[in-house]
Amino acid sequence: MYSHGSESLIKQAREIQDSELQKFYSRLVKLLQGKELGYETVDSLQRLHLILSANKYIRTLPPELQKRLQSLLSSPAEQFQVLSSAVLRETLPPAAHSGNYSQENIVQLNSHAAALLLSQAGSRADVSSLCSQLLRGLESRQSEGPTNSLTHTLPILNTILTHNLECLTEDHVTLLSKKLVDWLRYASILQGGGASSGGFFTGPRSRQPVPIAELDGTVSGDFFTVLCVGQSFTEDQWMNVFSFSALRHWLLTYHSVSNGNGTADTDDRSEVDGSVVSMVSVTSSSSRLLPPKERLREKSFQYCQRLIEQSDRKAHKKSDADLQKACLVEAVCILDCVCEEDASLVFRAFPCIKALFGRLSSDLSFARVLLPIAQFYLNHGEMAAVDCGSVWALVFARFPAELFNDPFLAHELLRFLRLNLESLQLRVPQYTHSFPNLLKFLAWDSPAVVDDFVDLLPSLVTAGTAVELLHTLLDLPCLSATLVLQVRSTCLPISEQSGRGLLSLDAFRSPSFRGLFLFLLRGEAGSGDTIDRLSTLHELLVETADWPRVVQCAQTVPVLLHIFFNTVITVADEKLLAHLILVMLERSSLLLNIPKYNKEIHRVFSSHLLRLCKLHPSLVMDQSHELLEFSGATANVYSKEELYTHVVWVLGEYLSVSCDSRCSVTLITSCFEALEAVLFEITSSAPPPGTDCPAPRVVTTLMSALAKLASRSHDLIPRVSLFLSKLRTVTRGGSVAWCSDEEDLVAIVTRGEELWSLLKAPGVAQSVLTPPAHVTTPQWHRDTNVALPLRLRTLTNLTHSH
């Protein structure tokens, strides 16, 4: 929302009259004609930008003002470049504007002017024309244009490559590939000239050229790279830096350029002319015979190998050390790109990559460098027949265990997993068993990474990991609290002299409870499904229930559980699904006591219990003992209303011979008696102190389940009928202790009367309460042998005719 002052300015800008606007234009032209442009000019340009951007319609500026603003694009002050570019973007281009610049102006183009040209390009032809002129500008020698002309060209071309790749032709690709080779491999190895002190005899001869240096201060003995240092840089050295920045993007995208009728010369004269060649690393003449793309790959390979060698030097400044890490990341990624294009380079690259991994793997400060190395191993390790076990031990074991609180590493590691999900599942067996470690990222910073785990979780669900993964998801809030305690344990002293002590922190440090926390912090699956003393753990962590990280983590668990159950039904057999139902019943009582968390988990369990039993009705028989035990506990009516209601419904719906031939009259009677006892208990007395009355849905579900079971065993019908008739008699006396709302009581009695009426005709009751499948899922509207489809079509035609 805008502030009141901002809204007032925007309103004035929108309501300005045309006559007043013309006066403002004239005053601004006079200001721009002055020799010095000061604060008043800046203020006027800002006002003009507000007027143009706040208006709904695009305006056309007077020709003189348009001309002055265009001249500002080449102003030495970048502030005026930015303002003039922003203003011109909000206007219509001149009628004669066709997206072209003259050749003498194109070499002076800066990034702001180029952005303006790209934004006002009216067609693909305009962009293609601009691209062609920029590339022709690259062919000019340094003496033909300003010394700073090329430094803006490559970023502009990179922008075109990003948004308008189709504007490039094969000739463009060939030319730019040649120029990149020149800039990357043959930049000057001497530093740029220093500032002159003036005088008649001042000139290039009066300054002795100084060679470039390495980051450790030694004189460089090889070709120039982005990791070379000096007091000042020449233009071709800056182009070397820019080329390296754009190289990976170029290698990834130039294959998408369509083959035109290009007649690009593959001769390599551009490599030598106008370039300073390093005599230490001159390549053999055979590389000069390669086509431009292959030659660029070869030079890129050499450049990256030199960067890796330079990264082993001890930098004097922290900023230079950080630059080394950033360049290592880019160098390994580029090597990966060129090896993807040319498999023969894999065997040349692997010794270098393997040595780099051996040098960096013990230092976790290089974790973000080691991820591209892991990508290289994943892409090419199989071809090179290299053992990748140590790489995956680092990525899936040490990284999450020790760097779970590094947000940048978490983002990049999870992105690595998402991009390579299929390959990891097929070729890295450690991946699916590493979920206890990977989930530490989620437990530590749930809001930032929950989207990643929504995509990753299905790949972690297998028949072998499903049960342990379900327990781990339910224990995520406990893991979150444990990670916080782990961090605090390393920061806080063992004994605090003042302040409130944390009992959970004392428990974390206590040897008697260490095993509980170590299980939560385990690195891989397979050491057990869950903790035997979960209730003890929850008591130790009771004070963590309101910690922000723990609460945020708990909010993500229901979402992940839905994904888990949606996936597990596609990979699990009935035996495993029956085990999962048992886990749901057991864990419904063993959850960390976080506000609303238990109810949300029960809601998820309820919905998926119904789904599992609907897909496999025999599951009710497989777990009949546990389901009966759960439904026979009256306490569950008050503490687990949602889950209890659905368990009762499942028993009433699927405990039938028609669903499973193993179902016997004895089992039906046992179930009936357990539910009858609970229903009698909750409707004959007030609820326990501190609890609410049982929900009407629980009571009606119990009544319906009893009626369904009785319709399958007619000996039970008198017992149900007797209870229903007593219920009607009891409620006639007014309010009852077990139902506080009169409308709810009326609904319960009405449902009881309906069931009582049905049970008077047992045959009808069974067909109504548990109808066969062909009745519950009719498809008469699809059956062409009955008259209903014809009637439906007739009615449809009649309604549509109006």
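**Close-up views of a predicted model**

**View 1. The largest pocket holds about 700 Å³ of space.** The model is predicted: local features need pLDDT of at least 70, side-chain atom pairs count only at pLDDT 80 or more, and totals for chains, interfaces and linings use all residues. Residues are numbered from 1 along each chain as its sequence is written, and side-chain values use heavy atoms, without hydrogens and water. A pocket is an open set of points on a 1 Å grid over the protein atoms alone, where a 1.4 Å probe fits, with protein on both sides within 12 Å along at least five of seven lines. Its volume is the space filled by probe spheres set on the points, which are joined across faces, edges and corners.

**View 2. The lining of the largest pocket has 26 residues.** Lining residues have an atom within 4 Å of a point. Arg248, Val329, Cys333, Pro372 and Arg415 lie nearest the centre. Helix 11 (235-253), helix 15 (318-341), helix 17 (367-384) and helix 19 (407-419) each give two or more residues to this lining. Helices are DSSP runs (H or I, at least four residues), numbered from the N terminus. Helix 15 gives the most, with nine residues. The lining divides into 15 nonpolar residues (Ala, Val, Leu, Ile, Met, Phe, Trp, Tyr, Cys and Pro), nine charged (Asp, Glu, Lys and Arg) and two polar (the others, Gly among them).

**View 3. Trp392 and Phe396 are one of 17 aromatic pairs in the structure.** Rings of Phe, Tyr and Trp (its six-membered ring) pair if their centres lie within 6.5 Å; planes under 30 degrees apart count as stacked, over 60 as edge-to-face and the rest as tilted. Here the centres are 6.0 Å apart and the planes stand at 35 degrees, so the pair is tilted. Both residues lie in helix 18 (residues 389-403), four residues apart, about one turn of the helix. Trp392 is buried at 5% relative accessibility. Buried means under 20% relative accessible area (1.4 Å probe, protein chains only). Phe396 is buried too, at 3%.

**View 4. Phe565 and Phe605 form an edge-to-face pair.** Their centres are 6.4 Å apart, with 90 degrees between the planes. Phe565 lies in helix 28 (residues 548-571) and Phe605 in helix 30 (residues 597-615), so the pair ties together parts 40 residues apart in sequence. Phe565 is buried, at 1% relative accessible area. Phe605 is buried at 0%.

Key. Buried means under 20% relative accessible area, exposed over 50%, partly exposed in between (1.4 Å probe, protein chains only).
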